[in-house]
Amino acid sequence: MDNDLAPGPLLSLTLDAATRVLSANLAHDARFPRIDALWLREQLGAAGYAELRIRPDAIKGLIARYNAGQSVEAVEIAECADAMLEVEVAADGLSAELTLTPAKGGRPATKAELLGLLAARGIVEGVLVDEINRAIAKGQANRLVIARGREAVPGEDGWLERLLPETPARVPNVRPCGRTDFRDFGEILVVQEGEGLMRRHPATRGEDGRNVLGQPIAPKPGRDVRFASGLRGTRAAAEDPDLLVAACDGQPVEVCDGIIVEPIYTVDSVNMATGNIDFDGTVRVRNDIQAGMSVRASGDIEVGGVVEPATLEAGGNIIVRGGVMGGLGGKTAGKDFSAVAIRCDGSFTATYAQQARITAGDSIFIDDLAMQCQLVARNHIRVGNQRRGHIIGGKACANLSIHARVIGAHNRIRTELEIGADTALSQAVQAKAQERDIQENKLLEVGKLLNFADRNPGKVTSEMLSRAELAAAALSTGIEALRNEEEALRFRLELAQQARVNVEQTVFEGVTVSMGERSLRIPQVLAASTIRLADQGLGVFPLEDDSHFDEPQKPGGESARRR
């Protein structure tokens with residue numbers, strides 16, 4: 001179509017119906033020596049060609065030639081452009097995005113065209129029709145999601161369900177800050193042969209997903225869990241391998257990934273008439289243990305009365321409902337009992353302790369009084385619950401905390417406290433890291449073999465390939481376990497840096513607190529205080545509320561139990 005436009009030079013515009021290209025003819029007119037892009041666009045709009053796609057270089061050339069005094073003939077300055085549809089599938093196949101470039105004087109996109117493009121690309125899953133309708137109606141879109149696949153649902157990890165009823169805890173609930181919950185130390189729970197102890201719930205596979213191309217996506221299966229091997233006193237039920245039952249009568253003890261059943265040996269007292277006791281299980285003494293006797297148990301030891309200077313060794317916990325009299329003060333009844341000691345891998349609990357040597361793999365809890373004792377605990381020492389809570393004389397060592405109501409005495413008796421000094425912990429962290437490095441190097445070598453087999457089919461025998469895959473799986477599992485153990489040890493090291501002595505009422509002159517190379521001697525009687533690491537050595541602070549540390553320890557921090 002020809003258009004004569006004024007004011008300005010004579011501009012003639014022609015749209016070719018076949019090519020849909022707009023051409024311009026511009027005769028130079030001395031009355032209008034110069035034109036610009038704005039004037040030209042106004043002329044295109046007035047002629048009904050504003051929607052066409054402009055060719056910028058051609059427009060610039062036309063203006064330059066006219067302004068140079070030349071007439072311009074048959075210059076193609078614009079064109080009719082149809083809408084453009086582009087669909088891009090994400091790398092993970094879970095979405096498809098639409099970019100719709102609007103028409104410039106050409107045909108707009110239609111829904112039928114877009115659906116045809118999706119079909120041609122094989123996009124059949126999760127097509128979002130409402131989004132497509134909105135995009136078509138609007139005439140444009142920029143990376144609009146128009147199809148969404150279904151992500152695979154990961155499987156659930158397997159877990160172990162304890163089938164035994166809740167019973168009063170026989171040991172206090174230890175927290176990282178040393179806060180404890182002294183509970184009623186109820187009667188020992190006894191199970192009968194064949195009684196169900198724990199049920200294994202296997203991991204689930206998960207649910208398949210599907211990408212926008214309709215292809216399935218395999219889920220990540222849950223991590224399976226198994227009963228630990230060598231769980232003494234237990235067996236799998238004949239009709240149900242996922243059910244752990246008692247193989248004998250005894251005391252159930254929950255351990256990592258299972259429960260063991262320890263036989264129980266019960267005696268009224270331990271004296272010259274009964275002889276010493278060495279039992280593979282739990283020992284229960286209803287009354288007292290006489291001086292000079294020894295009781296050794298792979299499980300717990302529970303004493304209903306008093307322990308005179310005697311040797312007690314337990315693979316689990318030791319509970320003395322009365323008190324403990326040790327031999328550190330010299331001779332008792334003319335005999336030297338200074339060598340006797342009490343040791344347990346778990347926690348030690350008693351009403352009082354006097355002149356006793358006590359070592360616990362977890363924590364020590366004394367309700368009333370610890371006088372002239374040597375106490376060593378891997379985690380915490382806490383003296384005082386319902387009774388006085390005094391530490392008087394002797395030495396107490398704990399890696400995480402020492403807590404009492406009163407420490408020391410008016411007569412300035414020498415009382416030594418040591419916190420955060422578990423040097424074996426740093427060595428254990430280094431050992432775990434070195435062991436993990438060795439296993440990771442082995443896995444790297446196995447991985448090289450597997451990669452070679454993938455690139456060179458047939459050059460590695462199926463038997464060797466199978467062995468390599470099994471080795472890689474075993475090494476990966478072992479490395480993950482070592483990493484978890486190393487993390488738990490590092491967590492304990494972090495806790496050790498927060499080690500503290502908490503005194504609820506009074507700390508007397510003559511008390512010494514040490515932490516590694518740092519040492520602090522209390523110069524005067526102090527009221528309620530917290531002694532911990534400060535900017536320069538150890539410092540004394542008003543008694544601090546440590547409830548913000550009141551969370552259970554991470555896995556790996558629990559007391560060890562002998563199987």
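The questions and answers below walk through a predicted model of a single chain.

Q: How many helices and how many strands does the chain have?
A: The chain has 563 residues, of which 42% count as buried. Among contacts between residues at least 6 apart in sequence, 51% join residues at least 24 apart. As for its secondary structure, the count is six helices and 41 strands.

Q: In what order do the four strands of the open sheet stand?
A: The pairing in this open sheet is antiparallel. Strand 1 (11-15) and strand 3 (53-54) each have a single partner strand, so they stand at the edges, with one side of each left without a neighbour in the sheet. Read across the sheet, the order is 1-2-4-3.

Q: Which residue is the bridge partner of Leu 13 in strand 2?
A: Strands of a sheet pair through backbone hydrogen bonds, in either the parallel or the antiparallel sense. Here strand 1 and strand 2 (residues 21-26) pair in the antiparallel sense over five bridges. In strand 2, the partner that Leu 13 finds is Ala 24.

Q: What angle does the direction of helix 2 make with that of strand 4?
A: Helix 1 (residues 37-46) lies across strand 1, strand 2, strand 3 and strand 4 (72-79), and runs at about 50° to strand 1. Helix 2 (residues 56-67) also packs on the sheet, where it touches strand 2, strand 3 and strand 4. The direction of helix 2 makes an angle with that of strand 4 of about 155°.

Q: Is Thr 311 buried or exposed?
A: Thr 311 is found in strand 25, which covers residues 311-314. Leaving aside neighbours within four places in sequence, Thr 311 is in contact with several residues, including Met 293, Val 295, Arg 296 and Val 340. Its relative accessibility is 14%, and because buried means under 20%, Thr 311 counts as buried.

Q: How many disulfides does the structure hold?
A: A disulfide is a covalent bond between the sulfur atoms of two cysteines. Cys 256 is exposed, with a relative accessible area of 54%, whereas Cys 373 counts as buried at 2% relative accessibility. The number of disulfides in the structure is zero.

Q: How far apart are the end C-alpha atoms of residues 465-499?
A: UniProt, in an unreviewed entry, lists residues 465-499 as "coiled-coil region". In the model, the chain over residues 465-499 is 94% helix and 0% strand. The distance between the end C-alpha atoms of this stretch is 51 Å.

Note on methods: Residues numbered from 1 in each chain as written. Predicted model: local features only at pLDDT ≥ 70, side-chain atom pairs only at ≥ 80, totals over all residues. Heavy atoms only, no water. Disulfide = S-S within 2.5 Å. Buried < 20%, exposed > 50% of the residue type's maximum accessible area, 1.4 Å probe, protein only. UniProt positions renumbered as here; feature names shortened; annotations may be inferred. Helix = DSSP H or I, 4+ residues; strand = E, 2+ residues; numbered from the N terminus. Pairing = 2+ DSSP bridges. Contact = heavy atoms within 4.5 Å. Axes fitted to C-alpha atoms, helices over the stretch in contact; angles between N-to-C directions.
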